[in-house]
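Hi,

Here's the structure I promised to pass on.

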Amino acid sequence: MAGSPPIALLTDFGSRDGYPGVMKGVILGIAPGAALVDLTHEIAPQDVAGAAWVLHTAWRYFPLGTIFLCVVDPGVGSTRRPIALAASGRLFVGPDNGLFSYVLAAAPPDEAVALDDPRFHLPHPSATFHGRDIFGPCAAHLARGIPLGKLGSAIAMTSLVTFVLPRPVWQGDMLHGQVLHVDRFGNLITDVAGALAAALLATPSARLAVAGRDISARAHTFAEGPEGEPFLLADSSGHLAIAVRNGSAAALLDAGRGDEVVASGVPHERADEPPR
Amino acid sequence: MAGSPPIALLTDFGSRDGYPGVMKGVILGIAPGAALVDLTHEIAPQDVAGAAWVLHTAWRYFPLGTIFLCVVDPGVGSTRRPIALAASGRLFVGPDNGLFSYVLAAAPPDEAVALDDPRFHLPHPSATFHGRDIFGPCAAHLARGIPLGKLGSAIAMTSLVTFVLPRPVWQGDMLHGQVLHVDRFGNLITDVAGALAAALLATPSARLAVAGRDISARAHTFAEGPEGEPFLLADSSGHLAIAVRNGSAAALLDAGRGDEVVASGVPHERADEPPR
Amino acid sequence: MAGSPPIALLTDFGSRDGYPGVMKGVILGIAPGAALVDLTHEIAPQDVAGAAWVLHTAWRYFPLGTIFLCVVDPGVGSTRRPIALAASGRLFVGPDNGLFSYVLAAAPPDEAVALDDPRFHLPHPSATFHGRDIFGPCAAHLARGIPLGKLGSAIAMTSLVTFVLPRPVWQGDMLHGQVLHVDRFGNLITDVAGALAAALLATPSARLAVAGRDISARAHTFAEGPEGEPFLLADSSGHLAIAVRNGSAAALLDAGRGDEVVASGVPHERADEPPR
């Protein structure tokens, strides 16, 4: 299947139980030679928002035509809809539970369907493993070239489930945001992004408070940061992050996802911006 | 190598040391373009039974022709035989130590060989890494189209090592079984399977005792389970499982693999069934 | 892209954040159908020496033409050079920070370039994720067949950064070495390698002291080792290792990387040998 688009997999299945492998076995039975790429399977169990974040930082870097197979699905088998949608030249398959919130905010979808045609599922789907029985097979059929619209009934874009994207808010002169993600290196990635992040970093007097600590040091790269002290930098996702050189900001500050950050001294004439 | 069958890898090598990668490098040198799929490399070290379980839940979902390369091999280099076998349209390569017990119970093999022809090994195999030096190369030669029978001497099916598959036993009206596997989500998957699992779930008065707790709640899906309480459901493997909605049954019950489960109230006229 | 060489990935990115997946997405956009193989992404954060070790044990097992994409890069965005080099029929891409020390010691490179031609990078590279923005794209261009020399300015072999490879030293009749690596199984792999390791194992009176314990038992395979006691064996990398049968030598001895090992009774007429 040379020329078939990659299928990028994003789940909370972990790697111990073989669940991603089983899903891949099913896909390869339907679409032999499909190019499978793991985005991650280490999303915390049932952490839909965490999965949405990783997808947010990743999808633009995949080629047009990529099929994102995303299964973080606490409502598996219940009334939540299994869906597929086309947006920005890529295809997205998964539960309609908010997982695609960032994608939908950045790229209004061209088409969306409920995956309700059993011809594209495994026979006798289980109630508890739709990654194997429904989502994987549908992604494989897309990789084979079946048009999105064939996989099920069209659904209204306005009916898609999205959660409210975290974004910082002004309270007087202070900008209140939060830590969105802690990565493997202990970097604290915040919801201050785009022009606001740039303005904060470009204004020497601006500072960021997190976990009871006021941070004013900043650096362009990890290596340029001060030794043993947290500093601010622009993360590769375009978001403002707090880092420690050769160390973990999360550990040093005892801070984590959801913790408040408060920026002061940021030029206020800049309007809020939606997350990219 | 379009059209070549997938090689599915199952090991206890972990991901830190590069051992699965080295094995893949060897395979790609012999069978360029081979389609490699990780089933898991996170089997606990030397846990042959755990690997056998994961293979049991997975192999049927892979296409015909798939080559399962399974290396959980505490006896590497000793007298245990390296083998390959054909069963149910798939090929299985690994040590003859019980790893294929579930497969052999479900699908009597058509052919089995000892991997004793050094032409299909790396030159000068080590005594401690047969995944790299023997099993990987043999799987790669199979992917290239070498017939199974060429890889070594035929061996008698009856000589293959298998362990006794765990299955529940009746003691009077009580069905005594055990927890076979705890998955990433903390679901406790038991050896009560098939018609017995169905009968238990379909009988409102039937219950299951585990870790000193009597469980009678049941649900069709994770989302339908009661809040914060363990409940019974049919796992995607067809086995009876104990789950907690958005939580871990293993943590809540402080239960794990090997723990006894005792079912009461299950219609007794049903005969024991072998695990599927 | 049948016939394109594999790209083997080695990073400290972990698997939670999707960083390796993003890098693969970029590669597949440039080199559709590229064969991607994970060597490991679980190098400890910023552990250049640990990455160099894993690469040392792996690269010879990959086919000629393989492109090793190695990103353990505490100096990302700083003055350290992004480089690519050709050695022993393979290509190596990554930061010039010592990661290729073992490779360069074993196989003098044929060619090396600084990756300073932005036409082969993503537009507007970030300062913090060169795996995605520079190294991944350059590896992908190599996979497409762009010659190494096109990717940037030639650099002098003698200017490549390498660290001093750990090797044991004689002090009188005692050979002082160290633990280089602890693998998933708890095996302690030392810097005693090649002929010295062979001589030690072949001399019944020779012994190895580590963590206050004197070890004289030895075995050819893990299964042949004594029960519950540490023993010596030749690791699959050709290095002397300390193992425990069905257990962890690291845990039993409370020993780890960097710990000293002292061999006594090793025939001294053997000259030191460089690590292979």
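Below is what turned up, starting with a sheet and ending with a pocket.

First, the ground rules: this is a predicted model, where local features need pLDDT of at least 70, side-chain atom pairs count only at pLDDT 80 or more, and totals for chains, interfaces and linings use all residues. Residues are numbered from 1 along each chain as written, chains are lettered from A and ligands numbered from 1 in the order written, and side-chain values use heavy atoms, leaving out hydrogens and water.

In chain A, six strands make an open, mixed sheet, ordered S2-S1-S3-S5-S4-S6. (Strands are DSSP runs of E, at least two residues; helices are runs of H or I, at least four, and both are numbered from the N terminus. Two strands pair if DSSP finds at least two bridges between them.) S2 and S6 (111–114) of chain A are the edge strands, each pairing on one side only. S1 (6–11) and S3 (67–71) of chain A run parallel, with five bridges; Leu9(A) has Leu69(A) as its bridge partner in S3(A).

Now the second largest pocket, with a volume of about 600 Å³. (On a 1 Å grid over the protein atoms alone, a pocket is an open set of points where a 1.4 Å probe fits, with protein on both sides within 12 Å along at least five of seven lines; lining residues have an atom within 4 Å of a point. Points join across faces, edges and corners, and the volume is the space filled by probe spheres set on them.) Of its 29 lining residues, the closest to the centre are Ser15(A), Asp38(A), Ser15(B), Asp38(B) and Asp38(C). Helix H1 (19–30) and strand S2 (35–40) of chains A, B and C each give two or more residues to the lining.

Cheers
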